[in-house]
Amino acid sequence: MFSVNGGVETGFVNVVSSDNGGLSNDQISDMATNKIVAVSETAPEPIRQQAQAFSENVRKVVHYHIELARREERATITHKLREAGHPDLANAIRRI
Amino acid sequence: MAITQAMCTSFKTQLLTGTHNFATNGNAFKLALYAIGSGGKSNTTATLGATTTVLVTTGEVASSGTYVTGGLALTKVAPTASGTTAITDFGDRSFTTASITARGALIYNNTQSNKAVAVLDFGSNKTSTSGTFTIQFPTFDASNAIIRIA
């Protein structure tokens, strides 16, 4: 007799939202960290703690580079707007 | 009147009849957002769960920003095995400049007459006001992936 055990299951999504603009650096950092570091609920406690510590470090690195990328992108946009003769708009973007 | 997280029963049957193809060059899958209470189109309330068989319009969230009623396409990740569990995934989906209140979502197969795949329950109403509404899919592994066959 054959017996096949198993199941078809669905995972849980994470919803992240913002008001009056896009997601913040913190929200994006959390999303990236969630994708990079995952630890099983059933993992031994020392492994869970190690993963948690690693996760914190990853989050800091990701957060720094997201902030940097956004700043550099704004600098490029500001430069392009100035070149195109829109200094007021360039200043508005620079002050974000 | 509720949205209950579930893999649709009809989808399980259709897996055995080869209806759905999650390969990157396979079927087109979409995700539609739903509300309970006042978030839906014309204030309709969604009822979704394991018995859902196809895309439904009751309680669907109205178009706003880059979100369009009927849902938007998902980017597939090729199915693979993790240990003894087969898994597949989708790329995260964001709707920008959107004012949305949603309590859940339905993943459905647009290629196969909008047949339902899975109902996602957000746990509570999630809201964006003139902002970004992002759905992040879980870690692509045997314990968490969005679709798992153990």
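This is a predicted model: local features need pLDDT of at least 70, side-chain atom pairs count only at pLDDT 80 or more; totals for chains, interfaces and linings use all residues.
Q: How many residues of chain B and of chain A take part in the contact, and what area is buried between the two chains?
A: Chain B brings 32 residues to the contact and chain A brings 24 residues. Carbon and sulfur atoms give 51% of the area buried between them, and on the side of chain B the residues B:T134, B:Q136 and B:R148 lose the most area to chain A, together 29% of what that side buries. The area buried between chain B and chain A is about 2300 Å².

Q: How many residue pairs are in polar contact between chain B and chain A, and which strand of chain B gives the largest share of the side that touches chain A?
A: Between chain B and chain A, 19 residue pairs are in polar contact, counting pairs with both residues at pLDDT 80 or more. On the side of chain B that touches chain A, at least two residues each come from strand 1 (6-7), helix 1 (9-16), strand 7 (115-136) and strand 8 (147-149). The largest share of that side, 14 residues, is supplied by strand 7 of chain B.

Q: How do the residues of the side of chain B that touches chain A divide into nonpolar, polar and charged?
A: Strand 7 of chain B supplies 14 residues of this side, its largest share. By residue class, the side of chain B that touches chain A divides into 16 nonpolar, 11 polar and 5 charged.

Q: Which residue of chain B meets A:K35 in a salt bridge?
A: The rule finds 2 salt bridges across the interface of chain B and chain A, and it asks for a side-chain nitrogen of Lys or Arg within 4 Å of a carboxyl oxygen of Asp or Glu. The N to O distance of 3.3 Å from the side chain of A:K35 belongs to a salt bridge with B:D92.

Q: Which residue forms a salt bridge with A:D30, and which helix holds that residue?
A: Over all chains the structure holds 6 salt bridges. In the one formed by A:D30, the closest N and O atoms of A:D30 and A:R59 are 2.5 Å apart. This pair links distant parts of the chain, 29 residues apart, with A:D30 in helix 1 (residues 25-36) of chain A and A:R59 in helix 2 (residues 45-83) of chain A.

Q: In which sense, parallel or antiparallel, does strand 3 of chain A run to strand 7 of chain B?
A: Strand 2 (residues 14-17) of chain A pairs with strand 7 of chain B in the antiparallel sense over 4 bridges; here A:V15 stands opposite B:I135, and A:S17 has B:F133 as its bridge partner. Strand 3 (residues 19-21) of chain A is joined to strand 7 of chain B by 2 bridges, and A:G21 has B:G131 as its bridge partner. The sense in which strand 3 of chain A and strand 7 of chain B run is parallel.

Q: Which residue in the hairpin of strand 6 and strand 7 of chain B takes a positive phi?
A: Strand 6 (residues 93-109) of chain B and strand 7 of chain B run antiparallel and are joined by 13 bridges, with B:Y108 and B:A116 as bridge partners and B:N109 opposite B:K115. The hairpin has 5 residues between the strands, and the residue with a positive phi, near 55°, is B:S113.

Methods. Residues are numbered from 1 along each chain as its sequence is written. Chains are lettered from A and ligands numbered from 1 in the order in which they are written. Side-chain values use heavy atoms; hydrogens and water are left out. Contact means heavy atoms within 4.5 Å. Buried area is the accessible area (1.4 Å probe) that two parts lose on being put together, summed over both. A polar contact is a pair of N or O atoms within 3.5 Å; within protein, one must be able to donate a hydrogen and the other to accept it, and residues adjacent in sequence count only if both atoms are side-chain atoms. Ala, Val, Leu, Ile, Met, Phe, Trp, Tyr, Cys and Pro count as nonpolar, Asp, Glu, Lys and Arg as charged, and the others, Gly among them, as polar. Two strands pair if DSSP finds at least two bridges between them.
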